[in-house]
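Colleague: Hi! Could you walk me through this model? I'd like to start with the sheets.

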Amino acid sequence: MSRPKICVVGASNIDLVSYAPRLPKLGETLTGTRFQMGFGGKGANQAVMAAKLGAEVAMITKLGDDIFGKDTLKNYETLGFATSHVLFTSEASTGVAPIWVDGATGNNAIIVVPGANDLLTPADVEARRDAITQAQIVVCQWEVPLETTLAALRIGRAAGVTTIFNPAPARAQLPPEAYQLSDIFCPNESETELLTGQPVATQEQAEAAAHMLLARGAGRVIITLGERGSLLVTAEGAQHVPAPQVKAIDTTGAGDAFVGSLAYFLAAGAPLVDAMQRANQIAALSVQRTGTQSSFPSAAELPP
């Protein structure tokens, strides 16, 4: 049986993770309990999650010509990525993401320095359009220039490839085309609130906000709700898919685990709600471990 084929167009970062008893206040210096460095970037995380489940992954990304970039490429090679689409530049450093994690709750705060990710262009994507047209699903985020993301979504739409857009990190303004090119539009709670100006504290509020996103042209909307699971909203109705209740140690990357898993199970032929349920389970597994990509389970670790 052929492996599901997924193309991810997005950012690659190095995560610099500090753990402390709580997050610092403005101007405050805390003594941390632990530090670790790992591979990250929303696009990279989603691609790695899909690869760990068994997908054939093509990653279109740009790295700095530095040690972080070289290590990232080695990581992709180890995971079996099609690395011919990984580009390098001497004009910027590889992206980095210093992350602070509250050791008591697992909550985090992140500063992303995009570096080379900001230099990934629509022309770079166009030159590698075969990676998109030969995939079953193309996954994009908002961590590279929006025009680059739109170029990838346009290619996917024209080729009949299922498009998933995760509008993260959160920003308030998004052009209509971004919704219209998204077969699945997948924000989290804070991103939904920023895009719609509406609260999503309850399921009813989340449904109302999702209908606003549908009205802008999204094919289907999936809002990830953290420990509450995920919510699918279409023109036909809404369905809440609960998540397993677990004790979170580190929530970093949980949303990426969900999106990467969702793409994998959809490409493998699962119905959308079933894919969401499996993605919820995998995200719940990830928050019980520390780190980002290092917290993602492989297919062999999943319950039957």
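Modeller: Happy to. An open sheet of four strands runs in the order β3-β2-β6-β7, and its pairing is mixed. Its edge strands are β3 (34-40) and β7 (108-110), each pairing on one side only. Averaged over the sheet and ignoring direction, neighbouring strands are turned by 20° against each other.

Colleague: What kind of model is this, and how are the residues numbered?

Modeller: This is a predicted model, where local features need pLDDT of at least 70, side-chain atom pairs count only at pLDDT 80 or more, and totals for chains, interfaces and linings use all residues. Residues are numbered from 1 along each chain as its sequence is written, and side-chain values use heavy atoms, leaving out hydrogens and water.

Colleague: Fine. And what counts as a strand, or as a pair of strands?

Modeller: Strands (E, at least two residues) and helices (H or I, at least four) are DSSP runs, numbered from the N terminus. Two strands pair if DSSP finds at least two bridges between them.

Colleague: Then how many bridges link β6 and β7?

Modeller: Three bridges, in the antiparallel sense, with β6 covering residues 95-102. W100 stands opposite A109 in β7.

Colleague: Which helix lies across β2, β3 and β6?

Modeller: That is α2 (residues 67-79), running at about 65° to β3. Axes here are lines fitted to C-alpha atoms, for helices over the stretch in contact (heavy atoms within 4.5 Å). Angles run from 0 to 180 degrees between N-to-C directions.

Colleague: Does α2 belong to some β-α-β unit, and of which hand, right or left?

Modeller: β4, α2 and β5 make a right-handed β-α-β unit. Right-handed means that, with the strands pointing away from the viewer, the path from the first strand over the helix to the second runs clockwise.

Colleague: What are the partners of β4?

Modeller: Strand β1 (residues 5-9) runs parallel to β4 and is joined to it by five bridges, with K5 having E56 as its bridge partner in β4. Strand β5 (residues 86-89) also pairs with β4 in the parallel sense, over four bridges, and there L63 stands opposite F88.

Colleague: Is β4 mostly covered or mostly open?

Modeller: Mostly covered: β4 spans residues 56-64, and eight of its nine residues are buried. Buried is under 20% relative accessible area, exposed is over 50%, and partly exposed is in between (1.4 Å probe, protein chains only).

Colleague: Changing topic: where is T192, and why is it called buried?

Modeller: T192 is in helix α7 (residues 189-196). T192 counts as buried because its relative accessibility is 0%. Leaving aside residues up to four places away in sequence, T192 touches P187, G197, V200, A209, L213 and I223.

Colleague: What does its side chain reach?

Modeller: The side chain of T192 reaches the backbone oxygen of N188 at 2.7 Å.

Colleague: Last one: what about β12?

Modeller: Five of the five residues of β12 (residues 230-234) are buried. In a regular strand the side chains alternate between the two faces of the sheet. Here S230, L232 and T234 are buried on one side, and L231 and V233 on the other.

Colleague: And which strands pair with β12?

Modeller: β11 (residues 220-224) pairs with β12 in the antiparallel sense over four bridges, and I222 stands opposite L232. Their hairpin has five residues between the strands, with G226 taking a positive phi near 65°. β13 (residues 237-241) also runs antiparallel to β12, joined by five bridges, and H240 in β13 is the bridge partner of L231. The hairpin of β12 and β13 has two residues between them.

Methods:
A polar contact is a pair of N or O atoms within 3.5 Å; within protein, one must be able to donate a hydrogen and the other to accept it, and residues adjacent in sequence count only if both atoms are side-chain atoms.
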